[in-house]
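Welcome! Take a moment to look over the model below, and then we will walk through a few of its features together.

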Amino acid sequence: MRIKLSRLAELLDVELEGDGECEIVGLGALASAVPGQLSFLSNPAYAGQLAGTRASAVIIGEKFRASCPASKLISLDPYVTFARATALFHVEAGPPAGIHPAAAVHEEVRLGKDVSIGANSVIEAGAAIGAGSAIGPGCVIGAGCEIGPRCQLRRAVVLYPGVRLGRNVQIDANSVIGADGFGYAFDGGKSVKIHHGGSVRIGDDVDIGAGTTIDRGVMDDTVIGNGVKIDNQVQIGHNCVIGDHTVICGCAAIAGSVVIGRHCVMGGASGAVGHITIADGVEVSAMSLVSRSIAEPGRYSSGTGHMKTSRWKRVITRFQELDEMALRLQGLEKRFKKD
Amino acid sequence: MRIKLSRLAELLDVELEGDGECEIVGLGALASAVPGQLSFLSNPAYAGQLAGTRASAVIIGEKFRASCPASKLISLDPYVTFARATALFHVEAGPPAGIHPAAAVHEEVRLGKDVSIGANSVIEAGAAIGAGSAIGPGCVIGAGCEIGPRCQLRRAVVLYPGVRLGRNVQIDANSVIGADGFGYAFDGGKSVKIHHGGSVRIGDDVDIGAGTTIDRGVMDDTVIGNGVKIDNQVQIGHNCVIGDHTVICGCAAIAGSVVIGRHCVMGGASGAVGHITIADGVEVSAMSLVSRSIAEPGRYSSGTGHMKTSRWKRVITRFQELDEMALRLQGLEKRFKKD
Amino acid sequence: MRIKLSRLAELLDVELEGDGECEIVGLGALASAVPGQLSFLSNPAYAGQLAGTRASAVIIGEKFRASCPASKLISLDPYVTFARATALFHVEAGPPAGIHPAAAVHEEVRLGKDVSIGANSVIEAGAAIGAGSAIGPGCVIGAGCEIGPRCQLRRAVVLYPGVRLGRNVQIDANSVIGADGFGYAFDGGKSVKIHHGGSVRIGDDVDIGAGTTIDRGVMDDTVIGNGVKIDNQVQIGHNCVIGDHTVICGCAAIAGSVVIGRHCVMGGASGAVGHITIADGVEVSAMSLVSRSIAEPGRYSSGTGHMKTSRWKRVITRFQELDEMALRLQGLEKRFKKD
C-alpha cells in the first residue's frame, strides 16, 4: 500500500506542510520509523525524538510545528488523527467467505448475508447471526444466541445459550460470555446453587478482549452498553450494568450487581465489590479497589505506591499500628493544650 | 412451565399466605418482576421495593410478612428458599445424547451409561467418563483422565492427562485443569524446569467457573476438596490443598503449596503467597493479599480503601514516611514526659 | 522406570553416600515419599522431616549430611539437582506423529520434519512450523505465523496472524498470543480504534503458562526475550519488551509499552502501569503495583500486609487522614520547640 502524503492529508482532514508528493507506505514510531513511514507525536514526553526521526512525515500539533524536520500533518488532536491513520494502513485478510466444511452448524440456525464461519466452530440450534458477521475458528455459539450484523468473534470465543450481541461487536480469543454467575445460598455448611435464568445483552460497537468472562444474570440480564471497550482478562459478574462508552482495562475484576455509569474508566487490574453503584465519569486508577458506591465523578485510587521492600517492611508495621499512633497523637495534643 | 403457588410452597417446604391457586411462570427481581412471577426479599436494603412490586408472590422472612402486599411464601432463610426455587424454574436443554460425529474420541476410552460428548471435543487414550456425564463442545480430555458420574464440562474445558474428578463436578468454559506448575530452579542465570509428576484431584460437588486454571503438583497432587466452589479466572498453583466447602471468588490468585482450610472464603481478586497455611473458617476480603499463614478463623483484610486521587496522592507520600513519622511521635512523647 | 542410585549420582553429577545398588523408581516429597523414591531437602524449614522420611535416598546439602538417615546424594544446590532429577523421571507420552485427520491444515503451510498436529487444530495459510514442534489439539495458528523448532503448544493455544516464536518455546492451554492491544484515541465521547500493525516476537527457551494473553504491538512488535518464563493468566500489553531470563508469576498484569529488564521477577498478581521502564535485576513482590519507572535493581513492594478486618477498618480510617495527621504532628513539634 502506497498513499501520497497530500492524499493522506485529505483523508485525515488535516493541514499538510511539506512534500505532498512523498509516498507513504506505512506507520512507524518516532524512534524506529524508516523513510517512507508516517509517524506521530502526541505525548510531549517523546518530543525529544522529533529532531532525530527518520520518518518521512509526522502527525503533529501546532505547537511542535517548528521543531519537526520532516514533512508534517498538523492536527488539533494528533493521537486521534494517528488512530484514523492506522485504519487506512490496516491490511488484514478478511475472513474466508461462507461456512468452513469443518464447522458444525446446526440445521436450525438463521444466517444473514455474507456470514463467515471458521473451521471447527460449533453453532447450536436456534442461533441467529447477522449479515457480514464473522465467526472465527474454534468458536462455540450456544443455542438461541442472537448476533447482530458486522460482528467479529475472532477465535475460540464461547457464547453460552441466549446471549445477544448488537451491531459491530468484536470479541477476541477465548473470551466467555454468558456462563452462570457465582451464586450460592448457604444452608448451614452446604451451598445451594442459584440457577441463572437471565442472560447477557451487549450493545453496539462494543469491543471485548481476549480471555475475558462476562457472566449471565440471575433473573434480569447482565448489560453492556453501547460503545463499551473491554480489555483482556476482565471479569464482569452477574447482573452488572455497564454504561455507554465506559472503558474497562485489562484484568479488572467487577463483582456481581455492580452498576457502572457512562464514560467511566476502570484502570488495569482495578476492582469493584458487589452491589455498588459508580456514577458517570468516574476514573479508577490501576489496581485500585472500589469498596463502596461512588456518587461524584472524578478520579479515585487506593493502594500505597511501591517502594523498596526494606523500607516497606518498616512502613507496614507502622501502618498496622496507625490507630494507636493517631490516639497517641491526640493524647499529646490534649496534654499540650492543658499546659 | 407453570406451577401453582400452593404446590411451590410444598416443594419448597415453606408456609403459604395468600392465593394458592395463583399460577407462577417464573422468577423476577422485586423491582422488575411482572404478574405471574415469584420474587424474594433477603437483603433488608431492598425492603423499600416491597410495596411497589408487581410480583404475584414473594419469598419473605416472618419480619416482613406485614409489609408485603402480594401473596407470600414465609421462609426462615428466604435466600436459600429462593435458590431452591431457581432450580425448579431452571429449564436448560440437556446435552444431546451420545457422541457427536465431529468429536475425536480415542478407541481406548471407557464411557459410562448416557455419556454425552459434544462436537469437536477430543478424548485421549485411556480416559474414563462416568455415567450421565456430559462433555460439551470443544473440550480436550487428556490421556488417562478419570471423570466421575454426573459431571458437566460445559464448553472448551481442557483437562491435562491424569486429572481426576469426583461426582457431580461442573466446570465452565475455557478452564484448564492440570497444566504444569510454575517451577524452576535457578542455576546461575539459567532456569532449570521442574517437571511435574503429580496431578490434580478434585472432589465431589465441586463447581469451577470459566477461565480458571488449576496446576498439577510436583510430586504429590493438587487437591480440591468436596463441595468447593471456585469462580471465574481463579488461579490455583501446584500442590495447593483446598479444604471442603471453601469458596474462592473470581480472579483470586493462590500461589503454590498453599493449604486452605474448610469453609473458608477467599474474596474476589484476593491472593495468597506460596507455602502458607490458612486455618478453617477464614474469610479474606476482596483484593486482600494473605502474606503469611493465618492460624485463627475470622475475617482478614489488606489494602487502603479507595479515595479521591488528589487526596490519595498526599496520603501515600505520608504513608511512605510513616516510619519516620512514628519515630518523631515517640521523640515528642519522650520529651513531653521529661518536662 | 528404575534407575540405580549410583547411576543417578553419575547422571546428576553429585556425590553418593549410601547404597548405590538401591533402585529408585520415582520421586517423592520428604513427608510422603515411600521406599523406592528419591526425595530432596532444599528449604531448611523442612529439615525436621528428614528424620522420619521413608524415602530410599535424599538429595541434600553438605550441611544436612549427618542428619539424614537414608542414602544421600550430596549437592551444592539440592534444588537444582532435584529439578534435573524431575527430568530423568518425567514420562510423558510424546505427541502422536504427523497430522491428525481431524486437523484443518491449509495447503500453503511449511512444516518441518517430525511436526505433530493434534485433532481439531487449525493451521492457517502461510504458517511455518519448525522441525520437531508439536501443536496440540484444538489450537489455532494464524496466517503467516512462524514457529521455530522443538516448540510445544500444548492444547487450545491461539496464535494470531504473524506471531513469531523462537526455538523450544512451550505454551500451555488457552493462552492467546497476538490479539490487538487495547488502544483507542478519544474524540469527544467516542473512541477511535487504533489498528495494530505490529506483532509479537518471542525468543528461544520461553515458557508461557495457561490462560495468558500477550498483545501485538501498534507499529513495533511486542518482544519477549530469551529464557523468559511466564506463568498462568498473565497479561502483557502491546509493545512491552521483556528482557532475557525474566520471570513473570501468575496473574501479573503488565500494561502497554512497559520495558522490563533482564533477570527480573514480577511476583504473583503484581502489576505495572503503562509507559514505564524497570531496570535489570528488579524483583517486585506479590500483588505490588509498580506505578513509576524503577532505575535501580533490588526488591520493591506495595500494599499493606493483611490483618484482622476489625483492626483494618480502624487503620484505614486513619490512613485516609494521614496527611492531616502528619500536619498535626508538625504543628506539635513546632510549638514544642518554641516553648
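At what angle do helix H1 and helix H2 of chain A pack, and how far apart are their axes? In this predicted model, the angle is about 115° and the axes lie 10 Å apart. From there, we can turn to how the chains relate and to the cysteines.

**Two helices in chain A**
- Helix H1 of chain A covers residues 5-12, and helix H2 of chain A covers residues 78-88.
- The crossing of H1(A) and H2(A) is right-handed.
- On the H1(A) side, the contact is made by A:Leu8, A:Leu11 and A:Leu12.
- Facing them from H2(A) are A:Thr81, A:Arg84, A:Ala85 and A:Leu88.
- Sorted by class, the residues in this contact of H1(A) with H2(A) are 5 nonpolar, 1 polar and 1 charged.

**How chains A and B relate**

**Cysteines**
- Over all chains, the structure holds 0 disulfides.
- A:Cys240 is in no disulfide, and the nearest cysteine sulfur, that of B:Cys251, is 12 Å away.
- A:Cys240 is buried, with a relative accessible area of 0%.
- B:Cys145 is in no disulfide either, and the nearest cysteine sulfur, belonging to B:Cys139, is 11 Å away.
- B:Cys145 is buried, with a relative accessible area of 0%.
- For background, a disulfide is a covalent bond between the sulfur atoms of two cysteines.

Technical notes: Residues numbered from 1 in each chain as written. Chains lettered and ligands numbered in written order. Predicted model: local features only at pLDDT ≥ 70, side-chain atom pairs only at ≥ 80, totals over all residues. Heavy atoms only, no water. Disulfide = S-S within 2.5 Å. Buried < 20%, exposed > 50% of the residue type's maximum accessible area, 1.4 Å probe, protein only. Axes fitted to C-alpha atoms, helices over the stretch in contact; angles between N-to-C directions. Helix = DSSP H or I, 4+ residues; strand = E, 2+ residues; numbered from the N terminus. Left-handed = near helix turned anticlockwise from the far one by under 90°. Contact = heavy atoms within 4.5 Å. Nonpolar A, V, L, I, M, F, W, Y, C, P; charged D, E, K, R; others polar.
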